[in-house]
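Me: I'm new to looking at folds, and I'd like to learn how to read a sheet. Can you take me through one?

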Amino acid sequence: MPAHTGPAPLRPPGRDTPPPPGRDTPPPPGRDTPSPGPGPGHHEPDHEPDLRHHGDAEVRGADGGLTDLAVNVRTGTPPAWLKAEIAASLDGLAAYPDGRAARRAVAARHGLPVERVLLTSGAAEAFVLIARAVRARRPVVVHPQFTEPEAALRDAGHDVGRVLLDAHDGFRLDPAAVPEEADLVVVGNPTNPTSVLHPADTLASLARPGRTLVVDEAFMDAVPGEREALAGRTDLPGLVVLRSLTKTWGLAGLRIGYVLAAPDTVAALERAQPLWPVSSPALAAAEACCTPRALAEAAAAGEIAVDRAHLLARLGEFGQIRAAGPAAGPFVLIRLPGADAVRAALRTRGFAVRRGDTFPGLGPGWLRLAVRDRATTDRFAAALGEVLR
């Protein structure tokens, strides 16, 4: 059964206070002991996860020899045509960025008026803007999920509650687990790191007057047909949908994303932004990624499903591995004894995977694996077999 907890904030409320020290300190060393099996009443480990640890830390500083299964950015990207569009924008760097064309393109892509679109420096900026601009007395984050929303809320002085989903239930969300008094709810769909795709009706049932419902759809374009998406919905009160262009198109270094919300919410978030928050090259990328050609290419999400099925089949060869599922994103979450030791041993064999214990609700027995092509998966499976023997 999901549980709701309310951890103390990292510091007393205060919107203008600086971030706490130690944000860039390395995460605590991992533990090699196997974690207990999931089941009813399985809740968050007794340690406080490092919310600032992200997948890029697994490969940062590496000598270039690691095969990256830790970062959920599609390999072989950005495509040549997108690089050309970005390169062409460099001729205009002397002018201040003008986001009107990109904003219109995003609006048209989702069938919305431009007043319901806000371009951001990646989805991560959107979490910061929400934390600063949305007045909330009882914010709640549904975990396990991407940790930046909670980190941003804490940095803005909020006391953040958690709804912890349970592996025993397949990390599925029961709307009744969300406190009725929660006036800001954050949930991912499909969720990072569990790869669970929540039904759109389930998430829609969380919307109500007086509540801001933030749905992180950063990986929705990796779902064939974007089924269960709420982007484009205008009938749900307080709905805020976040999208990222960095995952499918390999633009993590460019930083481009956007918010879809009611015009008054968009205006409030825009007031919290600095001037010219999105660079001209990022704006060019946003416009290009909304063209019919780009949307047709993004429909190659079906290939991800095939590659994911192959990864799950290879993982199924190892009796000690349990995969969370059914998975819908370009990554899978697995549980196995001694996961930290396995992760370290895989690194010596040239593979970087994402540790799971930095996600609230998980522990040291979990790892997240990005979906790659079948040849890469076969090489990984061979290395994993050596480690687990």
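Me: Which residue is the bridge partner of Thr 67 in S12?

Reply: Start with the general idea: strands of a sheet pair through backbone hydrogen bonds, and they do it either parallel or antiparallel. Here, in this predicted model, Thr 67 has Phe 351 of S12 as its bridge partner.

Me: In what sense do S2 and strand S12 pair, and over how many bridges?

Reply: The pairing of S2 with S12 (residues 351-355) is parallel, and it runs over 3 bridges.

Me: Which helix packs on the sheet touching S12 and strand S13?

Reply: That's helix H11, residues 339-348. The direction of H11 makes about 155 degrees with that of S12. Helix H12 (residues 374-388) packs on the sheet too, touching S2, S12 and S13. For H12, the angle with the direction of S12 is about 80 degrees.

Me: What is the order of the strands in the sheet?

Reply: Read across it and you get S2-S12-S13-S11-S10, an open sheet of 5 strands with mixed pairing. At the edges sit S2 (67-69) and S10 (322-323), each pairing on one side only.

Me: Zooming out, how many helices and strands are there in the protein?

Reply: You'll find 12 helices and 13 strands. The protein has 389 residues, and 54% of them count as buried.

Me: And what share of the contacts with a separation of 6 or more comes from residues 24 or more positions apart?

Reply: Those pairs account for 76% of them.

Note on methods
Residues are numbered from 1 along each chain as its sequence is written. This is a predicted model: local features need pLDDT of at least 70, side-chain atom pairs count only at pLDDT 80 or more; totals for chains, interfaces and linings use all residues. Side-chain values use heavy atoms; hydrogens and water are left out. Two strands pair if DSSP finds at least two bridges between them. Helices (H or I, at least four residues) and strands (E, at least two) are DSSP runs, numbered from the N terminus. Contact means heavy atoms within 4.5 Å. Axes are lines fitted to C-alpha atoms, for helices over the stretch in contact, and angles run from 0 to 180 degrees between N-to-C directions. Buried means under 20% relative accessible area, exposed over 50%, partly exposed in between (1.4 Å probe, protein chains only).
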